[in-house]
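Please open the structure in your viewer and keep the selection tool at hand. The stops below are meant to be followed in order.

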Amino acid sequence: MDRVAHRRPGVTLLSTVAVLLAGTLAGCTATASPGGSPPGGTEESGYLAEPISPFADDWAITGLEPGLRAALHAAAEDAAADGVELVVTSGRRSAGYQQELLDHAIREYGSEEEARRWVSTPELSRHVTGEAVDIGYTDGADWMVRNGARYGLCQTYANEMWHFERMVAPGEVCPAARPDASAG
Ligand SMILES: [Zn+2]
């Protein structure tokens, strides 16, 4: 299933960092690098040069917890029926990639305290365990905020309208979003 499982991570670490530095990446949304640089990460890192389909054969998607992936697929199909395309801007991430995101955010925000409002640690991030997915574009995230509970998918943090986790049984009411990622 994982055709790149044998590949050693870290080989392209430097180029990954370079791409991150070049980009405007601040939080948990992976954005395309503006300079058109080639993707710096390996498939195993979860780095995405651009948003991908929820059905893509990419470790960022295939590495998601199966229940989350199934819920995502069901939501994407229903959103499409509503005329809204859901894309994934970030899904499963390696611990190393999560650390790079956090390091970058600390440089960006000037302090770890502020950075942690947007980017979690490798130990705490649900992206690293495959239990979180970031949805775009804005209309897709908005659709998911309004309809995600039908699939058990809830907006976890009030300051991240794109970040969803499977928090309730399908059809139940989502709990109130926590203020930000630093709240746990
Ligand atoms: Zn996220």
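Begin with the loop between strand E3 (153-157) and strand E4 (160-166), where you will find Asn159, and keep in mind throughout that this is a predicted model. Asn159 has a relative accessibility of 16%, and because buried means under 20%, Asn159 counts as buried. Show its side chain next, and follow it to the backbone oxygen of Arg117, which it reaches at 3.2 Å. Leaving out residues up to four places away in sequence, Asn159 touches Arg117, Trp118, Pro179, Asp180 and Ala181.

Now move to helix H4 (residues 95-109) and select Gln98, which lies in it. Gln98 also counts as buried, with 1% relative accessibility. Its side chain is joined to that of Ser125 by a polar contact of 3.3 Å, and Ser125 is one of the residues beyond four places in sequence that Gln98 touches, as are Arg93, Val119 and His127.

For the next stop, select Leu86, Val88, Val133, Ile135, Trp143 and Met144, which touch the most other members among the 22 residues of the largest nonpolar core. Helix H2 (59-62), helix H3 (66-81), strand E2 (132-136) and helix H6 (138-147) each supply at least two residues of this core, and the largest share, six residues, comes from H3.

Stay with Met144 for a moment: setting aside its neighbours within four places in sequence, Met144 is in contact with Leu72, Ala75, Leu86, Ile135, Leu153 and Phe164.

Notes. Residues numbered from 1 in each chain as written. Predicted model: local features only at pLDDT ≥ 70, side-chain atom pairs only at ≥ 80, totals over all residues. Heavy atoms only, no water. Core = buried A, V, L, I, M, F, W, Y, C linked by side-chain atoms within 4.5 Å. Buried < 20%, exposed > 50% of the residue type's maximum accessible area, 1.4 Å probe, protein only. Helix = DSSP H or I, 4+ residues; strand = E, 2+ residues; numbered from the N terminus. Contact = heavy atoms within 4.5 Å. Polar contact = N/O pair within 3.5 Å; in protein donor to acceptor, adjacent residues only side chain to side chain.
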